[in-house]
Amino acid sequence: MRRDGTTINNTNPSHLILSVGISTLGNTGDRFSDFELYRSRIAYNQSTGVFSNSGPAATGGHSEWEFNPNGSIREIGDLTLTFAFNTGGVQEIAIYKW
């Protein structure tokens, strides 16, 4: 995921670009794919094979979205994109904000 520039406001925002690809074994039945986008850096420990997130421990490592009283974004948080699909195509797309 990349931002095309450094401006994050309503007047002239820089575009946020995300490229995603998925593949599954087989072509029948119900399928689900989740993509989690984190604000904080994720680390990988090669000796233990464990991923860790540096987000706040109080929220399970996730960064919460924070909003100003007028509804504008004060602080960007984590996102989860969920896709449910089967042989008939995409059945549901959901976006969850922490």
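Two aromatic pairs are present in the structure, where rings of Phe, Tyr and Trp (its six-membered ring) are paired if their centres lie within 6.5 Å, and planes under 30 degrees apart count as stacked, over 60 as edge-to-face and the rest as tilted. Phe35 and Phe83 form an edge-to-face pair, with 5.9 Å between the centres and 75 degrees between the planes. Because Phe35 lies in strand β3 and Phe83 in strand β8 (residues 79-86), this pair ties together parts that are 48 residues apart in sequence; strands (E, at least two residues) are DSSP runs, numbered from the N terminus. Phe83 is partly exposed, at 25% relative accessibility, where buried means under 20% relative accessible area, exposed over 50% and partly exposed in between (1.4 Å probe, protein chains only). Trp65 and Phe67 form a stacked pair, at 6.3 Å centre to centre and 15 degrees between the planes. Of these two residues, Trp65 is buried at 17% relative accessibility, whereas Phe67 is partly exposed at 36%. Lys97 lies over the face of Trp65, 5.5 Å from the ring centre (NZ of Lys or CZ of Arg within 6 Å of the ring centre and within 35 degrees of the ring normal).

The model is predicted: local features need pLDDT of at least 70 and side-chain atom pairs count only at pLDDT 80 or more, while totals for chains, interfaces and linings use all residues. Residues are numbered from 1 along each chain as its sequence is written, and side-chain values use heavy atoms, with hydrogens and water left out.

Two salt bridges were identified, each defined as a side-chain nitrogen of Lys or Arg within 4 Å of a carboxyl oxygen of Asp or Glu. In one, Glu75 is joined to Arg39, with the closest N and O atoms 3.3 Å apart. Glu75 lies in strand β7 (residues 73-75) and Arg39 in the loop between β3 (31-37) and β4 (42-45), so the pair ties together parts that are 36 residues apart in sequence. Both partners are partly exposed, Glu75 at 35% and Arg39 at 39%. Glu66 forms a salt bridge with Arg74, the closest N and O atoms being 3.6 Å apart. Glu66 is partly exposed at 34% relative accessibility, as is Arg74 at 48%.

His62 is located in the loop between β5 (50-53) and β6 (66-67) and is buried, at 9% relative accessibility. Its side chain makes a polar contact with the side chain of Asp78 at 2.9 Å (a pair of N or O atoms within 3.5 Å; within protein, one must be able to donate a hydrogen and the other to accept it, and residues adjacent in sequence count only if both atoms are side-chain atoms). Residues up to four places away in sequence aside, His62 touches Glu36, Tyr38, Asn53, Pro56, Asp78 and Trp98, contact meaning heavy atoms within 4.5 Å.

Definitions and conventions. Helices (H or I, at least four residues) and strands (E, at least two) are DSSP runs, numbered from the N terminus.
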